[in-house]
Amino acid sequence: MENKYGILLNGDIKLHRKWFEEMCNLIGINVVYRPLKPDKHYTTYTEIDGNYEQPLIVGCIFEEHPEQQTLKKLGWASELQENASIIHVPYDLVGIQQGVLFIIPSGIDNAKGRLFRVSKISNIMVYPASLTCQLVPEYEDTYSESQSNFKHSSFNLLKEGDAD
């Protein structure tokens with residue numbers, strides 16, 4: 001029987017991907033993954049709970065400070081990625097795309113996990129067992145309306161002066 005996809009894409013690829021998942025269980029960390037909802041898209045003014053699915057726990061390999069050789073192997077310009085973090089996730093991860101969120105737990109103390117957004121995705125051509133995602137920090141809007149006090153702003157002072 002003729003294999004129209006070549007000799008590299010055969011049943012062994014599933015075994016190779018299972019090896020990656022086992023490696024994540026042995027030496028990786030568990031992170032919280034939030035894929036985009038099907039009818040939503042990422043914007044810079046997004047609300048996390050409104051545009052993202054419920055959190056999923058995913059095993060991955062996280063590199064906070066990757067080496068230049070690693071970045072060159074991925075084909076990324078290493079001089080542009082000086083402060084970038086990367087994460088290796090399973091190839092078959094549901095809903096993976098640019099703009100999804102990963103929450104990386106803090107390893108030092110019981111602090112809240114750090115929130116990251118995927119800005120770029122890459123993989124190798126031969127036997128892709130994982131996807132490599134470049135992460136950038138995402139900052140949540142924790143400013144509440146109750147913190148605003150416009151009672152003593154200059155516009156209100158001018159308005160009060162005109163009323164007299």
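Predicted model: local features only at pLDDT ≥ 70, side-chain atom pairs only at ≥ 80, totals over all residues.
**Confidence**

The mean pLDDT of the chain is 76, and 66% of the residues score at least 70. Strand S1 has the highest confidence, with a mean of 92, whereas helix H4 has the lowest, with a mean of 52.

**The barrel**

Six strands form a closed barrel in the order S1-S2-S3-S6-S5-S4, and their pairing is antiparallel. On average, neighbouring strands of this sheet are turned by 45 degrees against each other, with direction ignored. Strands of a sheet pair through backbone hydrogen bonds, in either a parallel or an antiparallel manner.

Several of these pairings can be followed residue by residue. Strand S1, residues 29-34, is joined to strand S4, residues 101-104, by three antiparallel bridges. In this pairing Tyr 33 lies opposite Phe 102 of S4. S4 also pairs with strand S5, residues 114-122, in the antiparallel sense over four bridges. Here Ile 104 has Arg 114 of S5 as its bridge partner. Strand S3, residues 85-90, and strand S6, residues 130-137, are antiparallel and share six bridges. Ile 86 is found opposite Gln 134 of S6.

Helix H1, residues 12-27, packs on the sheet and touches S1, S2 (56-63), S3 and S6. The direction of H1 makes about 80 degrees with that of S2.

**Salt bridges**

The model contains four salt bridges.

| Pair | Distance, N to O |
|---|---|
| Lys 18 and Glu 21 | 3.8 Å |
| Glu 64 and Arg 114 | 3.1 Å |
| Arg 117 and Glu 138 | 2.9 Å |

Lys 18 and Glu 21 are both part of helix H1, where they are three residues apart, about one turn of the helix. Lys 18 is exposed, at a relative accessible area of 52%, while Glu 21 is partly exposed, at 30%.

Glu 64 and Arg 114 form a salt bridge between side chains that links distant parts of the chain, 50 residues apart. Glu 64 belongs to the loop between S2 and helix H3 (68-74), and Arg 114 belongs to strand S5. Both residues are partly exposed, Glu 64 with a relative accessible area of 35% and Arg 114 with 34%.

Glu 138 counts as buried because its relative accessibility is 16%, under the 20% cut-off.

**His 88**

His 88 is located in strand S3. This residue is buried, since its relative accessible area of 13% falls under 20%. Its side chain makes a polar contact of 3.0 Å with the side chain of Thr 132. Apart from neighbours within four places in sequence, the residues in contact with His 88 are Phe 20, Cys 60, Ile 61, Glu 63, Ser 130, Leu 131 and Thr 132.

Definitions and conventions
Residues numbered from 1 in each chain as written. Heavy atoms only, no water. Pairing = 2+ DSSP bridges. Helix = DSSP H or I, 4+ residues; strand = E, 2+ residues; numbered from the N terminus. Axes fitted to C-alpha atoms, helices over the stretch in contact; angles between N-to-C directions. Contact = heavy atoms within 4.5 Å. Buried < 20%, exposed > 50% of the residue type's maximum accessible area, 1.4 Å probe, protein only. pLDDT = per-residue confidence, 0-100. Polar contact = N/O pair within 3.5 Å; in protein donor to acceptor, adjacent residues only side chain to side chain.
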